[in-house]
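Welcome to this structure. Please take a moment to look it over before reading the notes.

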Amino acid sequence: MSGVAVPHEGGVPHNDDGVPDPGEMTGIPRTAAPPPPRPPLAHALRDAGIAALVALGLFIPLVGLRTDVGPSGGGLFIRTRWTDVAIIVGLVFAGRLALNLWESLRPERRAPTARRTALLGRIGLLVAPVLLGFAIALPFLPGTSRYVLDLGILVLTYVMLGWGLNIVVGLAGLLDLGYVAFYAVGAYSYALLSTTVGLSFWICLPLAGLLAAFWGVLLGFPVLRLRGDYLAIVTLAFGEIIRVVLINWVSLTGGPNGISGIPRPSFFGLSFSAGGGPGSFSDFFGLEPSPTHRVVFLYYLILALALLTNWVTLRLRRQPLGRAWEALREDEIACRALGINVTNTKLTAFAIGAMFGGFAGAFFATRQAFVSPESFTFIESAIILAIVVLGGLGSQLGVALAALIMIGGFEAFRDLEEWRMLAFGAAMVVIMVWRPRGMVSTRTPSISLGKRKSISGDLVGEGHG
Amino acid sequence: MSTPILPTPILEVRDLVMRFGGLTAVDRVSFEAARGEITAVIGPNGAGKTTVFNLITGFYTPSAGEILLHGRDGQRPLHATPGHRIAQAGVARTFQNIRLFPGMTVLENLLVAQHNRLQAATGFGIAAVLGLGGYRAAEREAVERAKHWLEATRLLDRADDAAGSLPYGAQRRLEIARAMCTDPVLLCLDEPAAGLNPRESEELAELIRLIRTGGCSILLIEHDMGVVMNISDHIVVLDHGKKIADGIPAAIRADEKVIAAYLGTGDDDEAPSPAVEGAA
């Protein structure tokens, strides 16, 4: 029986040489044969079947069963909709199957080569001037309706808010979920100062920014020691506190009724009254009085404010302060060891971010001529943060693109009615799957000895709060 | 052999105590770091070396005791100085686990280190945003200083690369260059040779000597006995939070207590002594 392992009770199987065979002892096959490649179709079918089962479990209670009021008006009865369930489950099965087959059949994903990166970089260089040119020319393009201009104003407001929040979240790495609070402070500052004291928009604008910055510092102090999740929760609470105060301090803010009749801005003292008349913009320039003038003016106003935000941010990034913000995002402890006053650096980030939020708020108030706490709910903070994250933390261009897609896209889906939120959510998921670090994930160095090379987003820190 | 007394030491540590709850990590430790010399702090794992470093650089506040720096502007009690002020007073440090700004370029890392000098030139940031004032000159000077240290650490050709993309040894050197850009009088190196190969360790020793020649005193924590015995002028040995020896390398090599601390008491004859390791 030589050559055959003879197992006997309590014995160890031996091979030819009488050496205990570790493989047989532990029951592991000696040569680990690679598993045979699964036939793609069978695997895809199995996976799609599982997805369909999950969908079935989900949609039986959600779609299959529905309670309706009885025809005689008395009591509820359960209506079943099995065909709808079958259609949805079938769709899930087919979709999952198609996705699986596509995954297995498409060629290997190419690693981003240096050439491709360089090409993308060159395209990226073109995107910003093209977008800027388009933004400047928009009011004069043929086919630009009042609706498009209003949408443009809305998008630019969010671009500005995104750029403002980008200082706090993208550069300094401090997760702020209550940014809308500063927007509210700016809006109410202008609303109150103009309606009670009678100051003009151009005086109130810097005041609103200063007040918002002041509140930014006030928020900054208690949260200096907090990081990450804790910071996010406290800033979230701060945003809500401001809103609740606005609702409840009726004598000052008008409570839920808000403040109406906020004066519109003037163009160097020329008003935009619809009827024309002496001292109005149309009268001075000899134009036909038109409500479009004011919209165009507001459009350029927010464009200028947004560009100011961008300019200051870009300049600050190249200053010691901006570099300290980014260093803070990368490693706070190392910053301290280098003698950087972490407290002041964080406070300036909060204050400057808040200031631009305040500017945007003052603009919002003068554009709407009405403010109420309803405009400053948490969802606004969430949208602004989503713009920053989807655009790419720290990237000015990315934030502008994300604002365009998020706000403009949301309007574009208006025809979908109740499916709008679904399309919106799907778009966000697609962006995050496709570009997990945001649309523009690379970082441009603030200074260089030779040629400026962009830095891969994988190396750049996301901040620890 | 004790420290030469004639010139004032750069750093005086007196009866330093640090307790974490019930644990006394540093127990009445006193030593001096002489000006213009390399002082090494050694000891087995958990001896309290890094805690002493964190106390000196202001990351912890001592439970008791004094730390005095005799820097450019006279004597300064570091135990009562906030963290970022200690760096401004002229104490720079590196970390046991490298702490660079990985997403920023090598040059940016070195400019962040010169933050305070540059920030002073910006006039509260406003002048710099508008492009006014002497900021440009200050920045040029900062870049020159950065270039000097990049050359010293042989990183000049990597100046525009992200710090996180450098190989390990280069990251260690960059951390030293960054600390030197703060223009310190005392450089504290926490295990700078950890993870380096023998050739890199030798280069590191060379760099540390160069820094000393430049007039900066050095405090060093190191496990690599080759490096320690080779470059230190003076060695302080800690064990279980207490100082057990203090002297020149040759004296430390022969010290009974040090050998016992490193190898445990008892059968001394079986294991090689640290002196042998150091000589190897």
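The numbered points below go from the chains to the cores, the surface and the charged pairs.

1. **Ground rules.** This is a predicted model, in which local features need pLDDT of at least 70 and side-chain atom pairs count only at pLDDT 80 or more, while totals for chains, interfaces and linings use all residues. Residues are numbered from 1 along each chain as its sequence is written, chains are lettered from A and ligands numbered from 1 in the order in which they are written, and side-chain values use heavy atoms, with hydrogens and water left out.

2. **Chain A at a glance.** Chain A has 17 helices and 4 strands (DSSP runs numbered from the N terminus: helices are H or I with at least four residues, strands are E with at least two). Of its 465 residues, 43% are buried. Here buried means under 20% relative accessible area, exposed means over 50%, and partly exposed is in between, with a 1.4 Å probe and protein chains only. The accessible surface of chain A is about 24,700 Å², and carbon and sulfur atoms account for 68% of it (Shrake-Rupley method, 1.4 Å probe; for residues, only the protein chains shown count as cover). Among the contacts in chain A with a separation of 6 or more, 68% are between residues 24 or more positions apart; a contact means heavy atoms within 4.5 Å.

3. **Chain B at a glance.** Chain B contains 12 helices and 10 strands. It has 280 residues, and 54% of them count as buried. For contacts in chain B between residues at least 6 apart in sequence, the share joining residues at least 24 apart is 66%.

4. **Domains of chain A.** Chain A is split into domain 1 (40-68 + 78-104) and domain 2 (130-434), with bounds that come from an automatic or database domain assignment. Between the C-alpha centres of these two domains there are 42 Å.

5. **Two nonpolar cores.** In soluble globular proteins, nonpolar side chains tend to be buried together. The largest nonpolar core in this model has 89 residues, and A:W325, A:V371 and A:I387 have the most contacts inside it. A nonpolar core is a set of buried Ala, Val, Leu, Ile, Met, Phe, Trp, Tyr and Cys residues joined through side-chain atoms within 4.5 Å. Helix α5 (residues 146-171) of chain A gives the largest share of this core, 15 residues. A second, separate core has 65 residues, including A:L328, A:L338, B:A179 and B:C181. Beyond its neighbours within four places in sequence, A:I387 touches A:Y158, A:V399, A:A402, A:A403, A:M406 and A:I407.

6. **A nonpolar patch on the surface.** Which residues form it? They are A:L53, A:L56, A:I60, A:L65, A:I78 and A:W82, with about 570 Å² of accessible area together. Such patches are made of residues with over 30% relative accessible area and no salt bridge; like charges are joined within 9 Å, and nonpolar side chains (Val, Leu, Ile, Met, Phe, Trp, Tyr) within 5 Å. Helix α2 (residues 40-64) of chain A contributes the most, 3 residues. A:I60 sits in helix α2 of chain A and counts as partly exposed, at 31% relative accessibility.

7. The whole structure holds 30 salt bridges over all chains, each a side-chain nitrogen of Lys or Arg within 4 Å of a carboxyl oxygen of Asp or Glu. A:E240 and A:R243 form one of them (2.8 Å, N to O). About one helical turn separates A:E240 and A:R243, because they are 3 residues apart in helix α8 (residues 228-248) of chain A. In chain B, B:K147 pairs with B:E144 in a salt bridge, with the closest N and O atoms 3.8 Å apart. B:K147 is partly exposed at 28% relative accessible area, and B:E144 is partly exposed at 46%.

8. Are A:E332 and A:K346 buried or exposed? A:E332 is buried, at 17% relative accessible area, and A:K346 is buried at 2%. Their side chains meet in a salt bridge (3.6 Å, N to O). Finally, a network of salt bridges links A:R317, A:E326, A:R329, A:E330, A:R443 and B:E108.
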